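Please look over the model shown below.

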Amino acid sequence: MSLINKESVKKRMGSRVAANGFAKFLFILATSFSLIVLGVLIYRILVDGLPYLSLDFITNFASRMPERAGIWAALLGTIWIMAVTAPVSFILGVGTAIYLEEYAKKNAFTKFVQVNIANLAGVPSIVFGLLGLTIFVRLAGLGSSVLAGGLTMSLLILPVIVVASQEAIRTVPKEIREASFGMGATKWQTIRRIVFPAALPGILTGTILALSRAVGETAPLLVLGALAYVAFVPENLFSQFTVLPIQLYNWTSRPQEDFHMLAASGIIILMIILLIMNSIAVYIRNKFHKRF
Amino acid sequence: MDITINKQLVQKDIKKEEQFTPVFKINNLNLWYGQDHALKDIKFDIPEKQVTAIIGPSGCGKSTFIKTLNRMVEMIPIVRMSGEIVYREKNIFDPKYGVEELRTQVGMVFQKPNPFPKSIYDNVAYGPRIHGIKNKKVLDEVVEKSLRGAAIWDEVKDRLNENAYGLSGGQQQRLCIARCLAIEPDVILMDEPTSALDPISTLKVEELVQELKKDYSIVIVTHNMQQAARISDRTAFFLNGEVVEYTDTSTLFSNPSDKRTEDYITGRFG
């Protein structure tokens, strides 16, 4: 006597296959929604922005006259900020991740630190702006400088880099650490020669993605007192500055239609920068990806 | 009549015990994982330039034991130990005896082949490099000698710069043995080195062990009794964290003195 009724199994076959097809349709729908939104966005920006896009637009300073306005100061400001943020956040973030993963004892305190780092990654960026204003601008007396802005941005993306680096370090298999220790390697030799190189692709990918986030951030720098209108290029770490997103914000908030189009041109430049950074991340991941 | 023969056997055994120079002397070694008493009063000597096999059913403490010999077991945070292991007249648990120094003398081959995600050359050169050897010529020689020593040179000599992950499992394991030889150890610990390999690769590693014992003292954990019988000179039978019997391999397999050993080697449990 069979426990399974073959007839009813056969009957249910049709609806199972139909549900299978329906599930696929739902997921395609979800994906198309975001693709359509992205498509509309890109279309609008290209239509508005392309007419103003030229070499002059990149090399001119901001101006009250739309036909002479450009993003040179903001572009260089962004590059300066990144030049501070990238090394500071990388060194501090990776250092923290290595300490937490490799050296720190797993106890209640490190667990507490761990949870808080994860939480910090979700804190609104404007809060980091206030922190930077208090510590770097006022307390350290750096003023609204490139240095203060870069350090604040570092703080903002630090939690993301720490978490990403920890994840990358954790994927290094325990077996190859054991192999290294088993040959009399010290902890530092094992980290430097085995763990770090193996984790580097993941660490770099996380770092670059975090940096791309910093490129697009406006709020913390507005709080710090970055200028909206700048007709000069930062000369050193203590110069005042503006960045691309602030310039774009400034243009979009003006009443004249022409400035809105300028903003669209600026967005194209910003997106190109982000695209380049993300491509580098993908390239690094593929190039250095090691099989375990 | 029977009794006299047995006496002679015992006498012969005692003589053999006295013959070898011990490389490890284990005295009253106890080990706990938290509350779990994993090794109980282990006491025996491991001979120089011979193959010592550790056999026993799963969970008997054989892997734990071999990992105490190079103190790898301490990587598990909840481990506690008592007793002593004397390696060449020095207690390895002495705080003055650095664990890095010990592991330079006592190399290890692991259960699963675990090459580094580096080239074949860099894998073998890793040991000498961490010990500060930078001279390219010396490194080249060490790499070739070690790869030859592990009987894999002919298979890899034309692709030393390729990633070690491109090798087969058996080749990877022999590469790991070569990597271990490159630090010129005194003792080689092998923790079930063939359990992840196919029969032909297993045979190659077994033949290699026979070659290596001319120059190295080898301790090998295996759950394959035939393997222990084939390649070892002495065998220790572990059960529930205790050494039930430790003697000549031939004696242990042909004439075990403990009922539990007999039950195990005849396949009644385990």
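Just after H5 of chain A, A:Gly141 adopts a positive phi of about 65°. Helices (H or I, at least four residues) and strands (E, at least two) are DSSP runs, numbered from the N terminus. This is a predicted model: local features need pLDDT of at least 70, side-chain atom pairs count only at pLDDT 80 or more, and totals for chains, interfaces and linings use all residues. Residues are numbered from 1 along each chain as its sequence is written, and chains are lettered from A and ligands numbered from 1 in the order in which they are written.

H5(A) is also kinked, by about 35°, with the centre on A:Gly132. The bend is the angle between axes fitted to the seven residues ending at a residue and the seven starting there. A:Gly132 is buried, as are A:Phe128, A:Gly129, A:Phe136 and A:Val137. Buried means 20 or more other C-beta atoms within 10 Å of the residue's own, with C-beta atoms placed from the backbone.

In chain B, strand E6 (residues 106-109) is covered on both faces. B:Val106 and B:Met108 are buried on one side, B:Gly107 and B:Val109 on the other. In a regular strand, side chains alternate between the two faces of the sheet. E6(B) runs parallel to strand E7 (residues 187-191) of chain B, joined by four bridges. Strands pair if DSSP finds at least two bridges between them. Opposite B:Val109 stands B:Met190 of E7(B).

How values were computed: A residue is buried if 20 or more other C-beta atoms lie within 10 Å of its own, exposed if 12 or fewer, and partly exposed in between; C-beta atoms are placed from the backbone.
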